Amino acid sequence: MAPQKKEKPSHALFAGATAGAIEAFVTYPTEFVKTRSQFGGKREGPITIIRDTIRTKGITGLYSGCMALVVGNSVKAGVRFVSYDHFKGMLADSEGKVSAPRSLLAGLGAGMVEAVFAVTPSETIKTKLIDDSKRPNPQYRGFIHGTASIVRQEGISGIYRGLFPVMMRQGANSAIRFTTYSTLKQFVQGTVPSRPGQPLPSAITFGIGGIAGLVTVYTTMPLDVIKTRMQSLEARAQYRNSFHCAYRIFTEEGILRFWTGTTPRLTRLVLSGGIVFTVYENIIKVIGGRQP
């Protein structure tokens with residue numbers, strides 16, 4: 001069998017960054033609702049959050065902190081595809097094929113890299129901006145002012161709050177998502193006689209990406225909740241570290257609290273998986289970014 005083709009790093013970076021930015025903007029309201037529902041205190045359902053936010057802040061209120069996620073997601077997606085392809089190339093056999101366990105390992109490595117270079121800073125800023133937006137008099141006036149204020153008040157460490165749960169979540173996210181996507185993609189390509197090794201139609205790519213997002217949500221949700229709590233404005237006063245945060249959530253609020261925000265996150269990641277992989281594959285196809 002001929003070796004699988006891989007993306008050129010520069011093309012993977014461009015396609016991944018573009019796909020990430022588009023996906024972040026399109027799905028941001030679901031991210032806003034998910035994050036708001038995960039803060040401590042009174043539980044609020046998705047519909048209540050949407051209704052109250054629109055009533056007090058208008059439709060633009062659902063986009064509080066959006067720029068932080070768009071920028072971070074763009075960098076994250078670019079780093080993710082480049083690093084995943086790099087790790088996958090390192091772990092491929094002599095025929096260029098990557099087994100499911102090795103694909104899982106490549107995804108884990110990609111997730112760790114993106115957590116350090118892109119996700120933690122952008123997620124911390126986004127979470128603080130969303131937390132701040134529900135105050136009567138928000139202190140942050142937007143992405144740039146909020147970032148500058150956080151760094152000025154807390155130093156660089158201020159935008160790296162929750163690094164450990166973010167690394168764990170992103171590692172698990174990428175490992176599960178890429179492995180599910182790659183396994184399903186290879187299965188579909190191998191079972192359609194007329195398309196052995198050929199690019200799949202966008203509708204099928206979207207569906208496979210959506211399934212990958214679905215699997216990812218339920219397996220990594222507890223890490224996402226801990227991450228949000230550790231990046232909130234009150235985190236320093238409430239939690240000593242991620243383990244203490246997890247302990248308090250479990251003992252004070254119950255185990256089901258770890259799956260708070262599942263519905264909006266599920267909505268986002270199913271759409272995200274479909275959008276990112278579809279946009280990425282089509283950009284790579286247009287610019288001819290694959291090489292043996």
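Phe81 and Tyr280 touch the most other members of the largest nonpolar core, which has 18 residues. A nonpolar core is a set of buried Ala, Val, Leu, Ile, Met, Phe, Trp, Tyr and Cys residues joined through side-chain atoms within 4.5 Å; buried means under 20% relative accessible area and exposed over 50%, with partly exposed in between (1.4 Å probe, protein chains only). The model is predicted, so that local features need pLDDT of at least 70 and side-chain atom pairs count only at pLDDT 80 or more, while totals for chains, interfaces and linings use all residues. Residues are numbered from 1 along each chain as its sequence is written, and side-chain values use heavy atoms, with hydrogens and water left out.

The most is given by α10, with 5 residues. Residues up to four places away in sequence aside, Phe81 touches Ala12, Gly16, Phe178, Val276, Phe277 and Tyr280 (contact: heavy atoms within 4.5 Å). A second, separate core of 13 residues includes Tyr239, Ile249, Phe258 and Leu266.

In helix α5 (residues 143-154), the buried residues are Gly146, Thr147, Ser149 and Ile150. Seen down the axis of α5, these fall within an arc of 165° and so line one face of the helix, the arc being that of the directions from the helix axis to the C-beta atoms. The buried residues of α5 pack against α4 (100-133), whereas Ile144 and Arg152 are exposed on the other side. Gly155, which follows α5, has a positive phi, near 80°.

Definitions and conventions: Helix = DSSP H or I, 4+ residues; strand = E, 2+ residues; numbered from the N terminus.
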